[in-house]
Amino acid sequence: MRASSVVLLPHAPSSVAVARRRLSSELAASGVYEAVVDDASVIVSELISNALRHARPLPSGQVRVCWLRRGDVLELEVSDGGAMTEPRRGPGTLSSLGGRGLGIVEALSEGWGVRHEDGATTVWAVLRTPRSPGGENAVSPARSDGVVPDLAAFPDLMDDPEDDLFDGTRNEVAPSRAYPA
């Protein structure tokens, strides 16, 4: 099966949700496992957010979001008008306000990279997208060949298990944490 979409969106924060909904809808309709749909949605969100935060729009004033599915491989791309710096994975330290986006993309994808062409910078990511035999919204089965991301690369996710944010009751708001700057 081969499926693709190209979407031109405004260089605006609202574009993140629009792209996520469309990508999720198309992948789910083609029978991709729900867990993979979720990963693809997070990747697209991170790539668009980075384009909005760090780059200029394309000459049209937009960002271009593309996805191409060939068999069990999904290619995701976000193109913008470029920036003064090259997209790269940041340190994502505990006290930083940002810098985790491409680390998340790296953890969820088979790989990612940057391409420059025709006045545009394109950041791409590739991931495996096996189709579920049950069709839409199926949950991915446990697989022996699955890859678990190395969470050590995200030290702020590695909380002390003794340090609970809430007492386990439903509908309770967790107290906020303040991290030193």
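# Reading a predicted model, feature by feature

Q: Which residues does R115 touch, not counting residues up to four places away in sequence?

A: In this model, which is predicted, R115 touches E77, A120, T121, T122 and W124, once residues up to four places away in sequence are left out of the count. The residue itself lies in strand β4, which covers residues 111-117.

Q: Is R115 buried, partly exposed or exposed?

A: The idea is to compare relative accessibility with two cut-offs, since a residue is buried under 20%, exposed over 50%, and partly exposed in between. R115 has 28% relative accessibility and therefore counts as partly exposed. Sequence distance and spatial distance can also be set side by side: R115 and S79 are 36 residues apart in sequence, while their C-alpha atoms are 9.1 Å apart in space.

Q: How many of the residues reach a pLDDT of 70 or more, and what is the mean for the protein chain?

A: Here pLDDT tells us the predictor's confidence in each residue. The mean over the protein chain is 75, and 62% of the residues reach 70 or more. Over residues 136-149 the pLDDT is below 50, and this stretch has 14 contacts in the model beyond near neighbours in sequence. Residues 154-181 also have pLDDT below 50, with 19 contacts in the model beyond near neighbours in sequence.

Q: How many helices and strands does the protein chain have, and in what order do the elements run from the N terminus on?

A: The protein chain has 3 helices and 5 strands, and, read from the N terminus on, the elements follow the order β-α-α-β-β-α-β-β.

Q: At what angle do helix α1 and helix α2 pack, and how far apart are their axes?

A: Helix α1 (residues 14-29) and helix α2 (residues 34-54) pack at about 155°, and their axes are 9 Å apart. An angle over 145 degrees counts as roughly antiparallel, so α1 and α2 are roughly antiparallel to each other. Their crossing is right-handed. On the α1 side the contact includes S15, V16, A19 and L23, and on the α2 side the residues include V37, A40, V44 and I48. Sorted by class, this contact has 11 nonpolar, 5 polar and 1 charged residues.

Q: Which residues of helix α3 are buried?

A: In helix α3, which spans residues 101-108, the buried residues are G101, L102, G103 and V105. What covers them includes α2, β4 (111-117) and β5 (120-128).

Q: Where is the place of R69, and is R69 buried or exposed?

A: R69 belongs to strand β2, residues 62-70, and its relative accessibility of 2% is why R69 counts as buried. R69 and L127 are 58 residues apart in sequence, yet 9.7 Å apart in space, C-alpha to C-alpha. L68 is also found in strand β2, and with 16% relative accessibility L68 therefore counts as buried. L68 and S5 are 63 residues apart in sequence and 6.6 Å apart in space, again C-alpha to C-alpha.

Q: What is the phi of D118, and where does D118 lie?

A: As a general idea, most residues other than glycine have a negative phi. For D118, phi is near 45°, a positive value in a residue other than glycine. D118 lies in the loop between β4 and β5, and at 82% relative accessibility D118 counts as exposed.

Technical notes: Residues numbered from 1 in each chain as written. Predicted model: local features only at pLDDT ≥ 70, side-chain atom pairs only at ≥ 80, totals over all residues. Heavy atoms only, no water. pLDDT = per-residue confidence, 0-100. Contact = heavy atoms within 4.5 Å. Axes fitted to C-alpha atoms, helices over the stretch in contact; angles between N-to-C directions. Helix = DSSP H or I, 4+ residues; strand = E, 2+ residues; numbered from the N terminus. Parallel < 35°, antiparallel > 145°, perpendicular 65-115°, else oblique. Left-handed = near helix turned anticlockwise from the far one by under 90°. Nonpolar A, V, L, I, M, F, W, Y, C, P; charged D, E, K, R; others polar. Buried < 20%, exposed > 50% of the residue type's maximum accessible area, 1.4 Å probe, protein only.
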